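Keep the 3D view open while you read.

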Amino acid sequence: MKQIVLENRRRVVLALGALPLARLAGAADIELQRTGGPYVPTPQVVVDEMLRIAKVGSDDFVVDLGSGDGIIVLTAAQRLKARGFGVDIDPELVALSNGEAKKRGVADRAAFYVMDVFKADISKATVVTLYLLPGMMANLQSKIYGELRPGTRVVSHDYHFGDDWRPDDQYVWDVPEKEKVNGVPRATVFLWVIPAKVAGRWQLRLATPAAEQFDLTLKQSYQSLEGTVTGGGSKGIRLAQSRLQGEDISFTFPAGGDRHRFKGRVSGDTMEGTVELAGGMGAARWTATRI
């Protein structure tokens, strides 16, 4: 584990001040290993909003990195019938969470493990939740982006990944009960949807009588997308109104004094969807294959 920054250590000292003396030494050891910050409970109203903005349902598998008392996964399992697990470095919090899962009758859907968050297998997650300090968020960014499947929702309480990966949505509201915990009576919830990896060259085909073909070159920075198209009389024309969210993709490019408007879905090395043809010529199917 990387050495905790001084800001985190000051927060650890404050958090430890509230612990019984009998647990102080052991808790200090755990907190000094923790790179995500000291355990701070998440109010139920914030948990509910995190699950709402992620649209968690019974088909979801929720993974909470730095799960603390387990309240996020427990709520998802009990109220929304989801499945999932949480990981935390503190054995006492993990034991508490597993005990609460049994008490609530959801131990078959919710489990908790003592584990370094960097070693957790998150590949099965459809939703990942986080309440970690900015340094840990930055360190986890490549894991989150690289290991989660396109379309997975990632929700963070109060802290984001940074300016290079902006959230797809966020919500700020007053939470008076948080003031007792950290002195700030409001909360921010951030949402990201893991985008498909589309950077590179594609061969684009329109299912029209002319069977037009184009070479499509895409550049991607997380969900931000830009590109150019060549073919059909077009030479390196830039895409416009390009958007990527999960596996959903849309873009336009000029044609015949108007624009073709594409919408579709990405599946690995293929894409397909519907295009509204320029000049009011109706709609057609389109496909694309990575070159």
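## Around Thr 289

Setting aside neighbours within four places in sequence, Thr 289 is in contact with Arg 201, Trp 202, Gln 203, Arg 205 and Asp 269. Thr 289 sits in strand E16, which spans residues 283–290. Its relative accessibility is 35%, so Thr 289 counts as partly exposed. Ser 267 is 22 residues away along the chain, and the C-alpha atoms of Thr 289 and Ser 267 are 9.9 Å apart. Bear in mind throughout that this is a predicted model.

## The seven-stranded sheet

Now for the sheet. An open sheet is built from 7 strands in the order E3-E2-E1-E4-E5-E7-E6, with mixed pairing. E3 and E6 are the edge strands, each pairing on one side only. On average, neighbouring strands are turned by 15° against each other, direction ignored.

Which way do E1 and E2 run relative to each other, parallel or antiparallel? Strand E1 (residues 61–65) and strand E2 (residues 83–88) run parallel, joined by 5 bridges. Val 63 stands opposite Phe 85 in E2. Towards the other end of the order, E7 has antiparallel partners: 5 bridges join it to E5, and 6 bridges join it to E6. Val 155 has Leu 191 of E7 as its bridge partner, while Trp 173 stands opposite Ala 187 in E7. E7 is also mostly covered, with 7 of its 8 residues buried.

## Helices on the sheet

H5 lies across E2 and E3, running at about 165° to E3. H6 lies across E1, E4, E5 and E7, and runs at about 170° to E4.

Then there is H3, residues 44–53, whose buried residues are Val 46, Val 47, Glu 49, Met 50, Leu 51 and Ile 53. These buried residues pack against helix H4 (71–80) and against strands E4 (127–130), E5 (153–157), E6 (169–174) and E7 (186–193). After H3 comes Lys 55, which has a positive phi, near 55°.

## Aromatic pairs

How many aromatic pairs does the whole structure hold? A search finds 15. In one of them, the ring centres of Tyr 145 and Trp 165 are 5.6 Å apart and the planes are at 75°, so the pair is edge-to-face. Tyr 145 lies in helix H6 (residues 134–147) and Trp 165 in the loop between E5 and E6, so the pair ties together parts that are 20 residues apart in sequence. One aromatic cluster takes in Tyr 145, Phe 161, Trp 165, Phe 190, Trp 192 and Tyr 222. Lys 197 lies over the face of Tyr 145, 4.3 Å from the ring centre.

For a stacked example, look at Tyr 171 and Trp 173, with 5.1 Å centre to centre and 10° between the planes. Tyr 171 is partly exposed at 36% relative accessibility, whereas Trp 173 is buried at 14%.

## A buried loop residue

Last stop: Ala 120, in the loop between E3 and E4. Buried or exposed? At 2% relative accessibility, Ala 120 counts as buried. Not counting residues up to four places away, Ala 120 touches Leu 65, Val 87, Met 115, Lys 143 and Glu 147. Ala 120 and Lys 143 are 23 residues apart along the chain, with 10.0 Å between their C-alpha atoms.

Methods
Residues numbered from 1 in each chain as written. Predicted model: local features only at pLDDT ≥ 70, side-chain atom pairs only at ≥ 80, totals over all residues. Heavy atoms only, no water. Buried < 20%, exposed > 50% of the residue type's maximum accessible area, 1.4 Å probe, protein only. Helix = DSSP H or I, 4+ residues; strand = E, 2+ residues; numbered from the N terminus. Contact = heavy atoms within 4.5 Å. Phe/Tyr/Trp six-rings, centres within 6.5 Å; stacked < 30°, edge-to-face > 60°. Lys NZ or Arg CZ within 6 Å of the ring centre and 35° of its normal. Pairing = 2+ DSSP bridges. Axes fitted to C-alpha atoms, helices over the stretch in contact; angles between N-to-C directions.
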